[in-house]
Amino acid sequence: MADGPLTWKNFIGGFVVDKPGNAAEYQTGGWRSQKPVWDNTKCIKCGVCYIYCPEPCIRQTAEGYFESDLFYCKGCGICARECWTNAIKMVQEEEV
Amino acid sequence: MEKFSIYAPRLVNPEENFAPGHRACIGCGEVLAVRYALKALGPNVIAANATGCMEIISSCLPTTSWKIPWIHVLFENASAVISGVEAARKVLARRGKIPPGRVFCLAMGGDGATSDIGLQSLSGALERGHDFLYICFDNEAYMNTGVQRSSSTPYGASTTTAPPGKLSIGQWSQKKNMAAIAAAHNIPYVATACSSYPFDLMAKVKKAAEVKGPAYVHVLSVCPTGWRHATDITIQMGRLAVESGIFPLYEVENGRYKLTFDFPKLRPVKQYLKLQGRFRHLKDEEMDKIQKQVDKEWLKLKSLVGMAGEKKPVPVPAQVEGRAQRAERKGQSAKGKAQRAKRQGLKTSGTKTTPTRRPRKKSKKVSRRGKK
Amino acid sequence: MSHRTGLEVSHAAAEAVKLARVEVVAAYPITPNTHVPERIAEMVANGELDAEFIPVESEHSAMSACVGSSAAGARTFTATSGQGLELMHEVMSVASSMRLPIVLSLANRALSSPLSVWGDHSDVMAIRDCGWIQVFAENGQQTFDLLLWAFRVGEDPRVSFPVIVNFDGFHVTHVIEPVFIADQAEVDRYLPPFKPNAVLDPRRPVTMGAYGPPFIYSETKKAQDFALHQAKEVMLQGFAEFEKIFGRKYNFVETYKAEGAKVLLMVIGSFAETAMDLVDKLREKGEAVGLVRIRLWRPFPQEELRQAVRGAETLIVLDRAMCFGTLAPVVSEVKAALYPEEKRPRIVSFVGGLGGRDVRLEEFEYMVKRGIELAQKGQEEAYETIGIR
């Protein structure tokens with residue numbers, strides 16, 4: 001799609017999308033009912049949470065710990081389930 | 001389970017060629033498998049995707065999750081589309097219109113796109129020997145349209161078009177063995193993988209891509225929505241599938257079978273079935289039936305593994321023993337008798353035969369060779 | 001310079017494809033198109049043509065492989081007939097929506113059942129609304145010429161649509177005819193290398209074939225239809241340039257001795273040649289009868305058609321296909337095109353030449369006589385089937 005409004009005049013050829021990965025504009029965090037919370041005192045920085053994130057939206061901070069980008073996190077709970085040291089807890093969104 | 005050392009992020013390609021913001025269900029194992037596959041392949045790849053979950057969750061106009069060149073055409077033709085891409089790149093490189101060097105050609109589809117509607121185009125592309133990799137992301141039903149049965153749905157599972165009822169157990173047929181079908185094309189590389197074993201999956205995808213000619217990887221993609229289990233146990237479900245032997249991980253390299261993980265003792269398949277809503281209606285005797293089938297298939301697979309590269313004759317498991325072999329084993333054919341005698345160190349000349357040593361009793365155990 | 005040689009029309013088509021320096025051909029055998037891909041496979045096998053020939057396992061895969069190849073930036077060709085086109089059907093609309101300039105030579109064949117390998121226009125009429133540019137050739141020379149034109153027009157970045165060149169199964173495909181075969185330098189002058197608007201390439205990743213939810217689907221279709229209408233200008237340029245280089249003239253709607261004609265015959269495809277013989281005969285007798293041939297079938301040349309029939313009192317249309325339950329395909333287009341005209345001819349519809357049956361000179365003569373009669377009586381509502389028993 002060329003830049004500009006979403007009108008029929010703005011397509012490129014056969015509706016080609018020429019901005020790789022632009023789905024990242026789309027927020028999927030709204031689907032979530034729980035979110036992962038890290039207890040960094042238990043975290044051994046192994047990165048299993050990062051490996052198993054289906055979005056992927058778990059990233060490593062400068063200190064080497066991990067956090068979830070809540071713009072995308074759908075709250076599946078895989079990270080909490082797979083964490084070797086139980087450093088991640090899923091908490092209800094309302095509780096925050 | 002797969003033992004990867006800690007500090008996993010250092011071990012993998014940090015590049016994510018599949019952007020977040022995709023519309024996959026919560027806890028999707030399939031999108032995880034796609035993510036690993038793309039990590040393994042890197043940026044130098046062109047993908048053709050069949051219609052299905054991965055297509056629909058990733059490419060809502062005017063956006064895309066893909067950071068690699070990607071094309072979706074239809075449900076049943078990803079293999080034919082990639083055949084065209086591969087052929088085009090070959091001739092364009094020959095004519096100097098694109099830089100030389102290899103770009104991986106990837107076709108992918110779900111189990112419906114692979115084992116049902118797209119089987120013909122896949123078979124054609126494998127047989128013609130195009131240099132491409134096909135990945136089947138198998139979530140064991142038509143999940144994108146609302147959990148209808150496919151030929152890859154396992155026996156006993158409940159789907160919307162094979163629902164259990166007074167007269168039905170649900171899926172009445174056995175899961176189609178796509179990896180074996182692919183292997184029957186005598187292609188250089190076939191493997192099974194699962195998103196619960198990311199490093200194994202990445203290694204296999206990489207190997208498959210690097211092999212010259214067609215390669216096929218069949219990935220069990222855990223689907224919390226269709227299998228009806230909690231979203232956080234996706235990884236656990238994949239592990240149970242592998243450890244129970246209902247979905248064994250193996251490779252077939254140039255016709256040689258190799259088990260990825262061998263287990264001295266398989267987990268009871270019940271552990272896997274009980275966690276899923278799609279098997280909730282099964283009674284104990286049905287689960288036992290599934291267990292027997294899993295054991296049988298496991299033995300069959302182990303026998304194939306046992307045959308790989310063996311120079312000495314290998315005991316044939318009872319299940320696959322042919323009439324001639326049975327006759328030979330029982331010493332009923334003259335030729336068989338001679339061969340048997342030779343093998344056992346007997347002299348066959350003369351009227352009298354004296355064993356030089358006592359013939360070993362032939363074991364009927366079939367799993368003996370399988371273990372390494 | 002071009003040289004004139006006698007050869008089977010299917011082989012002339014293959015020569016055009018070779019001279020176009022085609023890069024990928026994916027095809028599946030089906031009568032009566034088979035001689036085209038056979039000849040191309042032979043050219044590839046003995047090094048006459050540096051291309052990839054993909055002997056696919058079905059027509060569905062043939063068109064799918066063409067989509068992949070064109071999307072990867074290669075000049076792409078396929079050929080089929082009848083049932084083969086039906087099996088391609090699903091992929092046809094994808095190719096045009098994705099704006100991939102594949103060229104398809106279609107040896108027109110009847111549709112089953114009953115099975116018939118022989119010619120009529122049922123196959124192309126079933127896919128007429130798939131968004132492809134569609135032209136009809138009437139003989140070997142036109143088949144050769146229009147294939148070159150198809151690559152040039154389809155691949156023009158202002159057009160970027162796939163093109164079907166129709167030529168009648170057996171009546172044209174299997175006939176040995178004298179054809180002017182252009183030389184390579186001339187063709188190279190006419191046909192620049194293919195430079196696609198977007199291409200599958202890791203150096204600049206794009207997504208092709210994304211899905212369109214209701215909020216955007218209508219916009220995609222409007223854009224596509226607009227572009228197909230716009231393509232007519234480039235098509236005319238393609239004809240003009242063709243005439244300049246090769247000396248043969250084409251148009252969307254072509255007439256034969258139509259000046260001052262009170263009665264016009266209208267034909268699509270190779271039967272035009274028989275119709276011409278009849279027009280010659282009747283003109284000799286002093287009857288004001290002429291012929292209109294439809295060259296461009298999609299996008300349908302409504303305005304050009306109106307101009308071509310202006311002044312005629314009776315228009316007799318011969319279709320080589322039926323649209324079950326409604327008017328035959330060509331006559332229904334013609335009626336729709338002429339409806340806005342204040343003064344329009346009476347239109348009489350005939351269907352003939354189904355499943356390979358010939359429509360002979362006498363039958364054309366009957367059509368004219370009967371057409372005039374029905375028009376005068378005002379009884380032209382229904383259609384008549386030629387030679388039916």
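Which domains does the domain assignment of chain C give? The assignment, which is automatic or comes from a database, gives domain 1 (3–246) and domain 2 (253–385). This is a predicted model, in which local features need pLDDT of at least 70 and side-chain atom pairs count only at pLDDT 80 or more, while totals for chains, interfaces and linings use all residues. Residues are numbered from 1 along each chain as its sequence is written, and chains are lettered from A and ligands numbered from 1 in the order in which they are written.

The centres of domain 1 and domain 2 of chain C, taken over C-alpha atoms, are separated by 28 Å. Where the two domains touch, 26 residues of domain 1 of chain C are in contact with 19 residues of domain 2 of chain C; two residues are in contact if their C-beta atoms, placed from the backbone, lie within 7 Å. On the domain 1 side, at least two residues each are supplied by helix 5 (122–126), strand 6 (133–136), strand 7 (163–168) and helix 8 (214–246) of chain C. Helices (H or I, at least four residues) and strands (E, at least two) are DSSP runs, numbered from the N terminus. That side of domain 1 of chain C divides into 11 nonpolar, 10 polar and 5 charged residues, where Ala, Val, Leu, Ile, Met, Phe, Trp, Tyr, Cys and Pro count as nonpolar, Asp, Glu, Lys and Arg as charged, and the others, Gly among them, as polar.

We can now turn to a sheet in chain C. Its 6 strands form an open sheet in the order 10-12-11-14-15-16, with mixed pairing; two strands pair if DSSP finds at least two bridges between them. Strand 10 (253–256) and strand 16 (383–385) of chain C stand at the edges and have a single partner strand each, so one side of each is left without a neighbour in the sheet. From one strand to the next, the twist averages 25°. Within this sheet, strand 14 (residues 314–319) and strand 15 (residues 346–351) of chain C pair in the parallel sense over 6 bridges, and D319(C) stands opposite V351(C) in strand 15 of chain C. Helix 9 (residues 272–284) of chain C packs on the sheet, where it touches strand 10, strand 11 (263–267) and strand 12 (289–294) of chain C, and its direction makes about 165° with that of strand 12 of chain C. Helix 10 (residues 302–309) of chain C also packs on the sheet, touching strand 10, strand 11, strand 12 and strand 14 of chain C, with its direction at about 15° to that of strand 10 of chain C. Axes are lines fitted to C-alpha atoms, for helices over the stretch in contact, and angles run from 0 to 180 degrees between N-to-C directions.

Helices can pack on one another as well. Two packed helices are described by the angle between their axes and the distance between the axes. The axes of helix 3 (residues 59–71) and helix 4 (residues 82–97) of chain C come within 7 Å and cross at roughly 25°, which makes helix 3 of chain C roughly parallel to helix 4 of chain C. Angles under 35 degrees count as roughly parallel, over 145 as roughly antiparallel, 65 to 115 as roughly perpendicular and the rest as oblique. The residues of this contact divide into 9 nonpolar, 3 polar and 2 charged. The axes of helix 6 (residues 140–155) and helix 8 of chain C, in turn, come within 10 Å and cross at roughly 130°, and these two helices are therefore oblique to each other. Here D145(C), W149(C), R152(C) and V153(C) in helix 6 of chain C meet residues of helix 8 of chain C, including V234(C), M235(C) and G238(C).

Chain C also meets the other chains. With chain A, 17 residues of chain C are in contact with 12 residues of chain A, and the chain A side has 8 nonpolar, 3 polar and 1 charged residues. The contact between chain B and chain C takes 39 residues from chain B and 38 residues from chain C. Helix 3 (78–94) of chain B is one of the elements that give two or more residues to the chain B side, and helix 3 of chain B gives the most, with 13 residues.

The two chains are joined through strands too. Strand 2 of chain B and strand 9 (residues 207–208) of chain C run parallel and are joined by 2 bridges, with M208(C) as the bridge partner of I71(B). An open sheet of 9 strands has the order 10(B)-9(B)-7(B)-8(B)-4(B)-3(B)-1(B)-2(B)-9(C), with mixed pairing. Its edge strands, strand 10 (256–259) of chain B and strand 9 of chain C, each pair on one side only.
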